[in-house]
Amino acid sequence: MKTLQNEKLTIQVSSHGAELCSLMAHGKEYLWQADPAFWKRHSPVLFPIVGGVWENEYRVDGTTYPLSQHGFARDMDFTLVKEEADEVQYELQSSDETLKKYPFQFKLQIGYKLIDDKVRVMWQVTNADDKDIWFQIGAHPAFYFPYYGTETDDRGFFGFDKQDINYIRLSEKGCADPTVHYQVPLEDGFLPLNTHTFDIDTFIIEDSQLKEVTLYDLQKQPVLGVQFDAPLVGLWSPPTKNAPFVCIEPWYGRCDRAHFTGDYKEKDWIQHLPVGGVFQASYDIKIY
């Protein structure tokens with residue numbers, strides 16, 4: 001575990017999954033501490049898929065491969081390749097183990113940098129193969145609700161940088177139905193967060209509708225914000241569990257549409273890299 005600290009923030013990052021495991025500010029913890037009674041992770045990086053593939057298998061050039069939800073990177077040990085006072089970077093390279101699940105040679109780098117009151121999370125995917133590769137990558141940070149108690153079902157609010165927002169839902173076996181769109185049910189510009197908000201499971205917001213999601217307390221004071229350029233963002237808390245946290249998840253990809261059995265490169269929201277190509281992306285977590 002590596003620790004970075006400045007005058008406003010302290011974070012801890014594990015080499016296992018290159019996962020952000022703690023985010024401290026104002027003397028308190030903002031990042032979910034992985035109680036397995038609700039969810040055993042903090043902020044896993046999703047690669048080479050986001051969400052699930054239909055029936056937990058997918059096809060590349062006629063060969064079928066098994067792959068569980070969110071891919072394998074979150075469960076692998078990364079190598080520390082850079083360590084400075086305000087930044088760490090980790091690396092995972094393809095191996096015989098990964099090739100059994102994902103038939104592409106790659107190099108995945110994940111970094112964290114403190115910038116005043118923000119944590120910048122940085123991703124880089126390099127095509128290390130002699131052919132084109134395809135992949136998805138996404139974030140899954142979980143943050144404590146501003147309020148969690150028994151005297152009310154209310155937990156806080158989400159605010160957005162746009163007011164007219166539509167989303168799609170999961171339909172079967174962890175896969176989505178992108179043909180039906182729903183309106184995010186805003187009230188006075190906010191999405192109320194309570195014990196029933198996530199009865200639908202995940203809000204999957206596509207098409208670059210949003211660039212920022214802000215978590216507010218019950219008095220509608222900002223607590224933290226996630227800022228991103230990703231084309232999708234997922235909003236999730238475990239359905240029916242009354243969990244103490246909520247996730248704000250910038251994604252470059254999402255789960256399969258239900259019953260999808262095409263080639264991996266035909267998957268919705270797939271990312272493509274030519275030989276020698278490099279993909280770079282980042283998002284910020286801002287503490288108020």
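Select Pro 48 to begin, in the loop between strand S5 (45-46) and strand S6 (57-60); helices (H or I, at least four residues) and strands (E, at least two) are DSSP runs, numbered from the N terminus. The peptide bond that leads from Phe 47 into Pro 48 is cis, and its omega is near 5°. Most residues other than glycine have a negative phi, and most peptide bonds are trans.

The model is a predicted one, in which local features need pLDDT of at least 70 and side-chain atom pairs count only at pLDDT 80 or more, while totals for chains, interfaces and linings use all residues. Residues are numbered from 1 along each chain as its sequence is written, and side-chain values use heavy atoms, with hydrogens and water left out.

Is His 70 buried or exposed? At 7% relative accessibility, His 70 counts as buried; buried means under 20% relative accessible area, exposed over 50%, and partly exposed in between (1.4 Å probe, protein chains only).

Then select Asp 207, in the loop between S19 and strand S20 (212-216). Asp 207 is not a glycine, yet it has a positive phi of about 65°. Asp 207 is partly exposed, with a relative accessible area of 49%.

**The largest pocket**

By class, the lining has 7 nonpolar, 7 polar and 3 charged residues. In this classification Ala, Val, Leu, Ile, Met, Phe, Trp, Tyr, Cys and Pro count as nonpolar, Asp, Glu, Lys and Arg as charged, and the others, Gly among them, as polar.

The search runs on a 1 Å grid over the protein atoms alone: a cavity is a set of points where a 1.4 Å probe fits but cannot get out, a pocket is an open set with protein on both sides within 12 Å along at least five of seven lines, and lining residues have an atom within 4 Å of a point. Grid points are joined across faces, edges and corners, and a volume is the space filled by probe spheres set on the points.

**The cavity**

How many cavities of 30 Å³ or more does the structure hold? The structure holds 1 such cavity. The largest cavity has a volume of about 100 Å³. To find it, select Asn 194, Thr 195, Ser 237, Pro 238 and Asn 242, which lie nearest its centre among the 14 lining residues. This lining has 5 nonpolar, 6 polar and 3 charged residues.

Select Thr 98 in helix H1 (residues 96-99). Thr 98 is buried, with a relative accessible area of 1%. Leaving aside neighbours within four places in sequence, Thr 98 is in contact (heavy atoms within 4.5 Å) with Phe 72, Met 76 and Phe 106.

Continue to Leu 80 in strand S8, where the relative accessibility of 31% counts as partly exposed. With the same exclusion of neighbours within four places in sequence, the contacts of Leu 80 are Lys 2, Val 88, Gln 89 and Tyr 90.

**A sheet and a hairpin**

Display the open sheet of 4 strands, whose order is S1-S2-S3-S4 with antiparallel pairing; two strands pair if DSSP finds at least two bridges between them. Strand S1 (2-5) and strand S4 (28-29) stand at the edges, each with a single partner strand, so one side of each is left without a neighbour in the sheet. Strand S3 (residues 19-25) is joined to S4 by 2 bridges, and Ala 25 has Lys 28 as its bridge partner in S4.

Now select strand S16 (residues 166-172) and strand S17 (residues 175-183), which run antiparallel and are joined by 5 bridges. They form a hairpin with 2 residues between them, and Lys 173 in the turn has a positive phi of about 50°. The bridge partner of Glu 172 in S17 is Cys 175.

**Two cysteines**

Finish at Cys 175, which is buried, with a relative accessible area of 0%. The count of disulfides (pairs of cysteine sulfur atoms within 2.5 Å) comes to 0. The sulfur of Cys 255 is 5.4 Å from the closest cysteine sulfur, in Cys 175, too far for a bond. Cys 255 is buried, with a relative accessible area of 5%.
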